[in-house]
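Colleague: I'm new to this one. Can you walk me through it?

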Amino acid sequence: MSTSAGITEPRGWFRRVLQANAWLVYAFFYLPIVLLVIYSFSDNRNVGVWGGATLDWYREFANDEPIKTALGNSLKIAAASTTVSVVLGTMAALALERYKFRGRGFFDALLYLPVIIPDVTMAVMMLLFFAEAAKILGFSRGFSTITLSHIAFSISFVSIVVRARLAGTDEKLEEAAMDLYASRWQAFRYVTLPTIMPGVLGGGLLALTLSLDDVVITQFVTGGGWNTLPVYVFGLIRKGVTPLINAVSVVMLVASTVLVGLSLLAQRIRGGEPV
Amino acid sequence: MTNPPPTDWTATSPPVDDAAIAVNLTGITKRFGDVTAVNDIDLQIADGEFFAMLGPSGCGKTTTLRMIAGLEFPTEGSLQIFGVEVGTQPPNKRPVNTVFQNYALFPHLTVRDNVSFGLRMQGTNKREAARRADELIELVQLSGMEKRKPAQLSGGQQQRVALARALVNEPQVLLLDEPLGALDLKLRQEMQTELKSLQRDLGVSFVFVTHDQEEALTMSDRIAVMHEGNLLQVGRAEDLYERPESRFVADFIGQTNLIDATVADADMIVLTNGTKVKAPNPHPAGTSVAMSLRPESIEIGRPGTVPTEYEPTSLPGVVKSVTYLGHALVYDVGVDWIDLEVRTENVPAEQRFTVGDDVAIWWDRHADWVVPNE
Ligand SMILES: Nc1ncnc2c1ncn2[C@@H]1O[C@H](COP(=O)(O)OP(=O)(O)OP(=O)(O)O)[C@@H](O)[C@H]1O
Ligand SMILES: [Mg+2]
């Protein structure tokens, strides 16, 4: 990031080393991505061998039924889990930030758990839970189990983002609204919600990205032939890597980047228009 | 000063005509857990009155105001607004509006939408609400800024928006919680004048919380002094300044010298050094009291220059320090057992006393005032 005014600029060799380091880090991050993108246009079955430019892999992607099904599944699951986790996550954030109740501290710590614990642990927990639940309720694994587990981890992220936003808004605003004849609901609808909207949007986009990207948990809790795109791609790799995977990855990369970008943007802009 | 009827010397809280009571608190107590924020207070605020609530930090001013607004419900007691019991009514059901301490303007709304908010919530249509909002914006001299967001306004301008936002609803009582606290001195004085004339024009009761006593004294028809959740005294500025009912009020309002004494019999008190002083206000014999003597009511002169009629209320002393204030001089005079502050008009340098001078001080028999020590 930019150097602050008070700190003197490093000089001479030291500065050159710092610069070189920065370039190295960027290269480390982005060279693989560049390669991935380049070879997705390569007219050769073997990744890493350039065979001239082509859009065949993207064409294949567009015509591959299993991939399209998996993509459709991914989108359905992402849409459902995002919607639910945004509502629940926002409510949790409001409860934790605005109301005092018994066990608040405990609930607070609990909410961070999915962020901290490893995906695999979460996945095993989910699997065990669904196995038990299936015995009692008798539902099968698939769309519902994947969506439920995505909701489970997304709620944490949504509520963390929304809380950060809530913490920055004045509680007095709601009181002011009620003093100005707003009911509790109106105060929420016209004052609280617009002020935290950037956080809600940002959290939602984050949830969407997380859901679209998840492999580990989805793989554990899926069933009945339900595949999401990343899980399907993961399966393909076992059969051998072709530039098709590159093409799919590039599409996912672009989509994720756009979503994360939007999420950051949403958190930066101020709340939308009023009443 | 139209509203409060003149007071006699003992009752410093003038009774208010029943029909003209805007806010009536009876036995109001508010507890937060085991903290008693407001303790059993009785208070009547007249219609059209500029009423100030004054007291040190944490004395319960904000809590009292919030109970009137409905943002806090009393633990005990009765709270009426124009005769209607409102104790547990939510804020949106009360004919009062609040100007919050830090304004609490809605950051995502424009000035116009902030001001029209209350009307919109009451169901006024958008055009009518905007029209009336613009009238109020003009009244508080913010025309041309309707489309700005609060963040694009100065502190003083935000203050005006907060005022307009509350007043547009034509409240029967306007509550203001340290509305000028965030402004610098110059702007503060300007706004004091403006608020006062606005209140006079509108004829609405203003309940004004402040911990700045000068602000309270200059602006208000009547003032309530609170201390640790208790309501100590209600009265006009001169009631509080000249006839405080407690040691705390005497000390809190303006500068004063508090000289411990004991009541000999009803109107005679004995100071610690044995000086007997006739008290203007009677107290039961034997009680421990303090004589309050304002620094400006004490005269200072060379020893032996005390006018004969002041002989009984005079003491010899030594100048311990001199503070030059430009328009005034403040002497710290050590008498036999305590130090007293004496304030005089400025005089040419050769007539001033200097540190170490022997002096005599005296005061008019009617200038002192006796307050109970407890
Ligand atoms: N919500 C609350 N929970 C617990 N205690 C509270 C609450 N609100 C106020 N108090 C306590 O009640 C007392 C009175 O508070 P209040 O805010 O009314 O004081 P104040 O006179 O407005 O002070 P200031 O001049 O500092 O604003 C304080 O001791 C305060 O700590
Ligand atoms: Mg306060």
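Modeller: Start with one pair: B:Ala224 has B:Val234 in β10(B) as its bridge partner. Before more, note that this is a predicted model, where local features need pLDDT of at least 70, side-chain atom pairs count only at pLDDT 80 or more, and totals for chains, interfaces and linings use all residues. Residues are numbered from 1 along each chain as its sequence is written, chains are lettered from A and ligands numbered from 1 in the order in which they are written, and side-chain values use heavy atoms, with hydrogens and water left out.

Colleague: How many bridges join β9(B) to β10(B), and do they run parallel or antiparallel?

Modeller: Five bridges, antiparallel. Strands here are DSSP runs (E, at least two residues), helices are H or I runs of at least four, and both are numbered from the N terminus. Two strands pair if DSSP finds at least two bridges between them.

Colleague: What sits between β9(B) and β10(B)?

Modeller: A hairpin with two residues between the strands. B:Glu228 takes a positive phi there, near 50°.

Colleague: Which sheet order are we looking at in chain B?

Modeller: β6-β7-β8-β3-β9-β10, six strands in an open sheet with mixed pairing. The edge strands are β6 (96-99) and β10 (230-235) of chain B, and each pairs on one side only. From one strand to the next, the twist averages 20°.

Colleague: How do β7 and β8 of chain B run?

Modeller: Parallel, with five bridges between β7 (residues 173-177) and β8 (residues 205-210) of chain B. B:Leu174 stands opposite B:Phe206 there.

Colleague: And which strands does helix α1 of chain B lie across?

Modeller: Helix α1 (residues 61-69) of chain B lies across β3 (50-54), β6, β7, β8 and β9 (222-227) of that chain. Contact means heavy atoms within 4.5 Å. The helix runs at about 150° to β7(B). Axes are lines fitted to C-alpha atoms, for helices over the stretch in contact, and angles run from 0 to 180 degrees between N-to-C directions.

Colleague: New topic. Which residues are around ligand 1?

Modeller: Among them are B:Phe32, B:Ser57, B:Gly58, B:Glu178 and B:His211. To count, a residue needs a heavy atom within 4 Å of the ligand. The largest share of the shell, three residues, comes from α1(B).

Colleague: Which polar contacts does ligand 1 make through oxygen?

Modeller: Among them, an oxygen atom of ligand 1 is 2.5 Å from a side-chain N or O atom of B:Thr63. A polar side-chain atom of B:Lys61 is 2.8 Å from a ligand oxygen atom. A polar backbone atom of B:Cys59 is 3.2 Å from an oxygen atom of the ligand.

Colleague: How much of ligand 1 does the protein cover?

Modeller: 61% of the 630 Å² of accessible area that the ligand has on its own.

Colleague: Back to strands. What pairs with β11 in chain B?

Modeller: β11 (residues 257-265) pairs with β14 (residues 288-293) of chain B over six bridges, in the antiparallel sense. B:Ala261 stands opposite B:Val289 in β14(B). β11(B) also pairs with β12 (residues 268-271) of chain B, antiparallel, over four bridges. B:Asp265 stands opposite B:Met268 in β12(B).

Colleague: Last one, chain A. At what angle do α3 and α10 pack?

Modeller: Helix α3 (residues 65-98) and helix α10 (residues 229-239) of chain A pack at about 145°, their axes 7 Å apart. Residues in that contact include A:Ile67 and A:Leu71 of α3(A), and A:Tyr232 and A:Leu236 of α10(A).

Definitions and conventions:
A polar contact is a pair of N or O atoms within 3.5 Å; within protein, one must be able to donate a hydrogen and the other to accept it, and residues adjacent in sequence count only if both atoms are side-chain atoms. Accessible areas come from the Shrake-Rupley method with a 1.4 Å probe; for residues, only the protein chains shown count as cover.
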